[in-house]
Amino acid sequence: MTATTWNSTRPWRGIMVATALPLHDDLSVDHEAYAEHVRWLIDNGCDGVVPNGSLGEYQTLTDEERARVVRTAVEAAGDGARVMPGVAAYGSAEARRWAEQAGEAGCGSVLLLPPNAYRADEQAVLAHYAEVAKAGVPVVAYNNPLDTKVDLTPGLLAQLHQDGSIVAVKEFTGDVRRAYEIAELAPELDLLIGADDVLLELAVAGAVGWIAGYPNAFPATCAELYHAAVAGDLATALPLYTSLHSLLRWDSKTEFVQSIKLSMDIVGRRGGPTRPPRFPLTGEIEAGVRAATEKAVANGHR
């Protein structure tokens, strides 16, 4: 078992897909379609799923919907260790309750943003992660300062890991230089690729997992790309990456939820609508996503 392969001891490694959430036309959650989607992803080479992340529109879900999505994912995956729910919340106590709920459902890990109701300082960040870690489920930190305005710098990540609050980090900044500083300051902290369009760079820099967006539409090709990249097989990885990059970069844009759902629709999956305040893509953005998706299909990606 290589360090970059999923296993039940470190279930946050490998390809964990941040799942899009299928909705009915009336915008209610289609749990049956979601269960089928989770099974399809795992059957097509992905290791597990991350429900209730930003791609899963968790901010728009009721508490009942959010809890049921986790239970649906666990049942569909067939092994709770393959499920890493997002447990972000404005309050640390609420985030801890979501982590406890994930533990009760049998999940192997959870994904946690820093406090983001305001620009939290380091003391608040350390306390937030320590509180959620009390739930007893391994915590993967999610660093996305572009949206949260709170930066989990390499030094802060090292402190969180030293405190026993986190086991890994989903790195979304796009600054691949951080990978090397994280490895120097916290060599036992697992680095996970957090943005699809820096996959190859972070894989080469030592990432041992990928919390991924575009496998929602192209799981088999993305799995091939990931495994080649982390194995250092650039002869295989680089042409795939180059071919897919015009698509993968939509994972890092403001419209990433609608983009990935549109790509799913185009390839014959159930992407469907999004809940407000997100609305369907139009104009140049829609055309760009369509063109990139159709290019990927024409190149035989699946």
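In the predicted model, helices α9 and α10 pack at an angle of about 130 degrees, and their axes lie 9 Å apart. That angle makes α9 oblique to α10. The crossing of α9 over α10 is left-handed. On the α9 side, the contact is made by Thr 221, Glu 224, Leu 225, Ala 228 and Ala 229. On the α10 side, Thr 236, Ala 237, Leu 240, Tyr 241, Leu 244 and Leu 248 take part. By class, the contact of α9 with α10 holds eight nonpolar, two polar and one charged residues.

Thr 221 belongs to helix α9. With a relative accessibility of 5%, Thr 221 counts as buried, because the cut-off for a buried residue is under 20% relative accessible area. Leaving out residues up to four places away in sequence, Thr 221 touches Leu 240, Leu 244, His 301 and Arg 302. Leu 240 and Leu 244 are among the α10 residues of the helix contact described above.

Residues 234-248 form α10, and residues 283-298 form α12. The angle between the two is about 155 degrees, with the axes 8 Å apart. Angles over 145 degrees count as roughly antiparallel, so α10 is roughly antiparallel to α12. Here too the crossing is left-handed, with α10 passing α12. From α10, the contact draws on Ser 243, Leu 244, Ser 246 and Leu 247. From α12, Ala 292, Thr 293, Lys 295 and Ala 296 contribute. The contact of α10 with α12 comprises four nonpolar, three polar and one charged residues.

The strands were examined next. Seven strands make up an open sheet, ordered β2-β1-β7-β6-β5-β4-β3, with parallel pairing. Strands β2 (48-50) and β3 (110-112) form the edges, each pairing on one side only. From one strand to the next, the twist averages 30 degrees. Strands of a sheet pair through backbone hydrogen bonds, either parallel or antiparallel.

Within this sheet, strand β1 (residues 14-18) runs parallel to β7 and is joined to β7 by four bridges. Ile 15 stands opposite Trp 210 of β7. Strand β4 (residues 139-143) pairs with β5 in the parallel sense, over four bridges. Tyr 142 faces Lys 170 of β5 across this pairing. Four bridges also connect β5 to strand β6 (residues 190-193), and these strands run parallel. Asp 190 in β6 is the bridge partner of Ala 168.

Side chains of strand β5 (residues 168-171) divide between two directions. Ala 168 and Lys 170 point one way, whereas Val 169 and Glu 171 point the other way. All of these residues are buried, Lys 170 and Glu 171 included.

Pro 215 lies in the loop between β7 (209-212) and α9 (219-230). Its relative accessible area is 0%, so Pro 215 is buried. Beyond its neighbours within four places in sequence, Pro 215 is in contact with Ile 15, Val 17, Trp 40, Leu 41, Cys 46, Trp 210 and Cys 222. Trp 98, by contrast, is 25 Å from Pro 215, C-alpha to C-alpha. In sequence, Pro 215 and Trp 98 are 117 residues apart.

Conventions:
Residues numbered from 1 in each chain as written. Predicted model: local features only at pLDDT ≥ 70, side-chain atom pairs only at ≥ 80, totals over all residues. Heavy atoms only, no water. Axes fitted to C-alpha atoms, helices over the stretch in contact; angles between N-to-C directions. Parallel < 35°, antiparallel > 145°, perpendicular 65-115°, else oblique. Left-handed = near helix turned anticlockwise from the far one by under 90°. Contact = heavy atoms within 4.5 Å. Nonpolar A, V, L, I, M, F, W, Y, C, P; charged D, E, K, R; others polar. Buried < 20%, exposed > 50% of the residue type's maximum accessible area, 1.4 Å probe, protein only. Pairing = 2+ DSSP bridges.
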